[in-house]
Amino acid sequence: MAGAGESRVSGVRAGVPEADLAYHGAAALAGGWLDVRFLPRNHGPSAVPEATVRLRWSAEPESRQELPQGCARSGERVVLCRLGALAADGLGEQVRLRVRLRGAPAEVLMEFDTVWRGGTVDRNRENDRQRVLVLDTGDPYYF
């Protein structure tokens with residue numbers, strides 16, 4: 001229930017900026033190396049002042065990894081990457097990761113989702129959550 005002087009529309013406080021984040025890219029696995037690249041997009045209607053995405057893998061990356069600027073490990077199988085600001089109806093910078101997975105698995109399930117949207121609300125969470133099964137073929141799997 002909304003408090004005094006506060007109205008709600010579909011469970012979201014009125015006046016809260018709304019954005020619609022989405023990610024499209026590819027992942028390839030070859031000989032234990034996982035290459036991931038994706039492009040964040042904000043379909044709007046509001047700009048996002050700051051966004052962060054979380055990547056999780058079913059296989060654990062090697063302990064020592066060189067990650068791109070803005071990315072940091074957050075757990076055994078989790079990496080967080082800062083996306084920065086995303087203009088309304090705009091594209092962000094492409095994110096590229098190359099990680100070495102322990103034991104050179106034959107496949108890896110990669111999941112990612114938005115963990116921070118800078119105070120904006122995203123009513124369409126389906127396009128900012130991805131699950132991709134990547135087989136050790138060297139071929140890119142697009143999402």
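Two strands are said to pair if DSSP finds at least two bridges between them, and in this predicted model strand S10 (residues 107-116) and strand S11 (residues 129-135) meet that condition, being joined in the antiparallel sense over seven bridges. Within this pairing, aspartate 113 stands opposite arginine 129 in S11. On strand S10 there is also a pairing with strand S5 (residues 48-57), again in the antiparallel sense, over six bridges, and here tryptophan 57 stands opposite methionine 110 in S10. Strand S5 is in turn joined to S7 by seven bridges, and these two strands run antiparallel, with valine 53 placed opposite cysteine 81 in S7.

Taken together, these pairings belong to an open sheet of five strands, in which the order is S6-S7-S5-S10-S11 and the pairing is antiparallel. The edges of the sheet are formed by S6 and S11, each of which pairs on one side only. Neighbouring strands of this sheet are turned against each other by 25 degrees on average, when direction is ignored. In general, the strands of a sheet pair through backbone hydrogen bonds, either parallel or antiparallel.

The model contains one disulfide, which is formed by cysteine 71 and cysteine 81, with their sulfur atoms 2.1 Å apart. Because a disulfide is defined as a pair of cysteine sulfur atoms within 2.5 Å, the separation of 2.1 Å places this pair inside the cut-off. The two cysteines are ten residues apart, cysteine 71 lying in strand S6 (residues 71-75) and cysteine 81 in strand S7 (residues 78-86). The torsion about the S-S bond of cysteine 71 and cysteine 81 is about 115 degrees, so the disulfide is right-handed. Both cysteine 71 and cysteine 81 are buried.

At least two residues of the lining are supplied by each of S7 and strand S9 (95-100), and the largest share, three residues, comes from S7. When the lining is sorted by class, four residues are nonpolar, four are polar and three are charged.

Most residues other than glycine have a negative phi, and most peptide bonds are trans. The peptide bond from glycine 44 to proline 45, by contrast, is cis, with omega near 15 degrees, and proline 45 is found in the loop between strand S4 (33-42) and S5. A positive phi, near 55 degrees, is found for aspartate 89, a residue other than glycine, and aspartate 89 belongs to the loop between S7 and strand S8 (90-91). With a relative accessible area of 52%, aspartate 89 is exposed. Alanine 104, which is not a glycine either, also has a positive phi, in this case of about 45 degrees, and alanine 104 lies in the loop between S9 and S10. The relative accessible area of alanine 104 is 35%, so alanine 104 is described as partly exposed.

How values were computed:
Residues are numbered from 1 along each chain as its sequence is written. This is a predicted model: local features need pLDDT of at least 70, side-chain atom pairs count only at pLDDT 80 or more; totals for chains, interfaces and linings use all residues. Side-chain values use heavy atoms; hydrogens and water are left out. Helices (H or I, at least four residues) and strands (E, at least two) are DSSP runs, numbered from the N terminus. Buried means under 20% relative accessible area, exposed over 50%, partly exposed in between (1.4 Å probe, protein chains only). Ala, Val, Leu, Ile, Met, Phe, Trp, Tyr, Cys and Pro count as nonpolar, Asp, Glu, Lys and Arg as charged, and the others, Gly among them, as polar. Axes are lines fitted to C-alpha atoms, for helices over the stretch in contact, and angles run from 0 to 180 degrees between N-to-C directions.
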